[in-house]
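Here is a short report on a two-chain model. Have the sequence and the coordinates open while reading.

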Amino acid sequence: MIKTENLYKTFITANGDKVNALVDVNTQIDKGEVVVVIGPSGSGKSTYLRCLNHLEVATKGHIWIDGVDILDLKININKVRAEVGMVFQSFNLFPHKSVIDNVNLAQKVVRKKSKEECEKKSMELLEKVGIAEKANVFPAQLSGGQQQRVAIARALAMHPKIMLFDEPTSALDPEMIGEVLDVMKSLAKEGMTMVVVTHEMGFAKEVANRVVFMDEGAIVEEGTPEHFFENPTHDRTKLFLSQIL
Amino acid sequence: MKTSSGLSRINPFTYNLSMAGFIIGVIAFITVFIVATKAIDYTWRWYKLPGYFYTNKTHDIDAEIKGIVESITTKDKTISIVVKGNSESETYTLPESGSKRVSIGDNIYQGDTLAQYKKPQLGLLSQGILITLEVSIYSSLIGILIGLIGGIARISKNPAFKWAAIVYVELIRGSPLLVQIFIWYFVFATIINGMLMNMGFHEISALWYGVAALSFFAGAYVTEIVRSGIESINIGQIEASRSLGMTSAQCMYHIVLPQAIRRILPPLAGQFITLIKDSSLLGIIAVRELTKATREGITTSLQPYEFWFVCAILYLLLTFPLSMFVQYIERRMKTP
Ligand SMILES: Nc1ncnc2c1ncn2[C@@H]1O[C@H](COP(=O)(O)OP(=O)(O)OP(=O)(O)O)[C@@H](O)[C@H]1O
Ligand SMILES: [Mg+2]
């Protein structure tokens with residue numbers, strides 16, 4: 001489903017310095033797998049996710065999404081992106097549109113669905129994330145947890161084959177984290193292919209098929225949650241886990 | 001709506017005292033001014049002004065042939081006078097309100113006045129207002145168009161677009177509008193009209209070169225307004241829309257512009273207030289807008305004081321609705 005080969009990403013900062021955000025990243029994620037990516041701040045987790053849907057353009061290497069080489073300049077990246085949903089740490093809802101219009105918009109604009117089809121699908125999804133009663137309010141009137149659930153519904157409206165989550169609960173008050181994680185868990189149960197950057201180790205233990213630990217742009221260690229939380233091999237992994245657990 | 005926060009409380013006595021002071025100040029200023037004009041023997045003649053807004057001009061109807069008045073009939077609120085010459089006959093019509101100077105059977109010579117009527121007509125100042133409005137509206141519309149294209153080019157990743165926009169904005173903002181008007185009128189107009197004449201077309205009038213100068217001038221400022229409006233939209237929303245598969249044009253249309261426009265409107269309206277006032281410079285290239293009309297009015301009436309005050313007040317009336325609009329929008333922005 002997702003494959004990266006020798007992936008490199010180098011940022012050039014405003015004052016000319018080079019930052020190696022990704023260094024030789026090789027991953028293979030199969031259909032229906034839930035992969036949790038962990039690692040210290042600045043280790044390249046976000047950059048990795050953003051490369052997968054081309055929000056960030058990789059400097060070198062290959063990325064295949066569902067068999068399509070997305071670094072090939074000839075492909076239509078918007079088509080690929082429509083198949084890959086993304087949920088951001090800061091929700092990024094469209095503040096000038098009501099909740100249901102947030103979910104409708106891309107269905108209408110990208111998928112060219114009729115208004116009735118869009119609304120039907122949107123209501124279905126809002127019910128699924130448990131926020132149907134707020135369909136007509138504006139994002140500013142929602143709590144963080146509610147906004148994030150709307151953002152998930154908005155991404156799901158495109159019928160994506162893959163969902164990417166970049167620290168979806170990091171901006172939330174503790175009492176709201178659960179409601180978002182519950183939605184993500186039910187998605188995982190339905191067999192969605194998911195790549196999740198998170199510090200929620202409980203979620204990783206419970207849902208992940210695989211955990212990937214990144215540090216300084218490279219993948220240091222990967223394996224099942226059991227392996228990770230019971231006997232990690234690398235010192236850096238041990239250090240990181242001891243700090244956050 | 002009155003907002004009073006605890007911090008900026010002012011007690012009623014101080015408030016009333018200050019207001020009284022303000023009003024007394026205004027009255028004192030006006031009094032001193034009037035006394036001063038008396039001292040230099042200026043006679044105010046306000047009665048001359050209405051004629052510069054609206055006149056009843058007398059039109060003469062002159063015979064074009066020699067002959068005899070054959071008939072005078074009134075029908076459908078118009079009077080028809082038929083003059084029969086040797087071989088031909090002519091019919092002249094005027095409104096019912098007009099007055100005849102001939103009766104049936106009169107001998108008429110070519111050039112004789114058959115009748116007179118009065119027709120209401122806009123005066124010099126009214127025409128000036130209309131020209132000022134016309135120039136301002138056209139320039140605003142073209143300025144918005146240029147600014148929208150310029151603003152999008154300014155934030156484009158394509159260096160050609162971006163640098164074209166930067167150079168345009170800096171050139172325009174770095175030189176006086178008066179000089180730009182001269183360049184349009186004395187350089188571009190000469191070239192363009194010369195070429196048009198050579199190709200057998202009509203010349204384009206000074207007004208349109210004035211509109212061009214104002215449009216490109218306003219366009220540069222609108223470019224910056226549009227740019228900052230677009231940049232004020234949080235990048236996260238743009239990424240979210242792109243991650244859903246929207247093209248950059250769709251994102252611009254559905255996400256960025258609708259939000260940017262609300263932020264752009266107040267400074268944009270402010271820009272158009274400036275534009276209306278700047279249009280007063282066009283008198284210098286023989287466009288008869290309000291300021292130029294005022295100067296011509298002064299030449300014929302010899303009453304500069306009245307005319308300049310009225311001119312200023314007329315500009316105020318033109319810009320006032322826009323100021324109100326700005327305030328309205330700004331109030332609405334606070335409560336989304
Ligand atoms: N647009 C950018 N320009 C320059 N450097 C960047 C840019 N984006 C990321 N970086 C750098 O790339 C490195 C990896 O950043 P990234 O955001 O992927 O880390 P992360 O693992 O997601 O961290 P966090 O847990 O703090 O979100 C960091 O050193 C960061 O400073
Ligand atoms: Mg990150």
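The report covers the interface, the strands, and selected side-chain pairs.

This is a predicted model: local features need pLDDT of at least 70, side-chain atom pairs count only at pLDDT 80 or more, and totals for chains, interfaces and linings use all residues. Residues are numbered from 1 along each chain as its sequence is written, chains are lettered from A and ligands numbered from 1 in the order in which they are written, and side-chain values use heavy atoms, with hydrogens and water left out.

**Interface of chains A and B**

Contact means heavy atoms within 4.5 Å. By that rule, 23 residues of chain A touch 17 residues of chain B. The two chains bury about 1600 Å² between them, and carbon and sulfur atoms give 63% of it. Buried area is the accessible area (1.4 Å probe) that two parts lose on being put together, summed over both. Asn78(A), Phe94(A) and His96(A) supply 27% of what chain A buries against chain B, more than any other three residues.

A salt bridge needs a side-chain nitrogen of Lys or Arg within 4 Å of a carboxyl oxygen of Asp or Glu. The rule finds 1 across this interface. Arg50(A) and Glu239(B) form a salt bridge at 2.7 Å, N to O.

On the chain A side, the elements giving two or more residues are α2 (77-82), β6 (84-87), α3 (99-109) and α5 (144-156). Helices (H or I, at least four residues) and strands (E, at least two) are DSSP runs, numbered from the N terminus. By class, this side has 14 nonpolar, 4 polar and 5 charged residues. Here Ala, Val, Leu, Ile, Met, Phe, Trp, Tyr, Cys and Pro count as nonpolar, Asp, Glu, Lys and Arg as charged, and the others, Gly among them, as polar.

**Strand pairing**

Two strands pair if DSSP finds at least two bridges between them.

| Strands | Bridges | Facing residues |
|---|---|---|
| β1(A) (2-12) and β2(A) (18-29) | 8 bridges | Ile2(A) and Ile29(A) |
| β1(A) and β4(A) (60-65) | 5 bridges | Lys3(A) and Trp64(A) |
| β1(B) and β7(B) (113-122) | 9 bridges | Ile61(B) and Ala115(B) |

β1(A) and β2(A) make a hairpin with 5 residues between them. In its turn, Gly16(A) has a positive phi of about 90°. In chain B, an open sheet of 3 strands runs in the order β1-β7-β5, with antiparallel pairing. Its edge strands are β1 (54-62) and β5 (99-100), each pairing on one side only.

**Other side-chain pairs**

Over all chains, the count is 19 salt bridges. One of them joins Glu33(A) to Arg210(A), with the closest N and O atoms 2.9 Å apart. This pair links distant parts of the chain: Glu33(A) lies in the loop between β2 and β3 (34-38), Arg210(A) in strand β9 (210-215), 177 residues apart.

The structure also holds 16 aromatic pairs over all chains. Rings of Phe, Tyr and Trp (its six-membered ring) pair if their centres lie within 6.5 Å; planes under 30 degrees apart count as stacked, over 60 as edge-to-face and the rest as tilted. Phe182(B) and Phe186(B) form a tilted pair, 5.7 Å centre to centre with 45° between the planes. Because they are 4 residues apart in helix α4 (177-198) of chain B, Phe182(B) and Phe186(B) are separated by about one helical turn.
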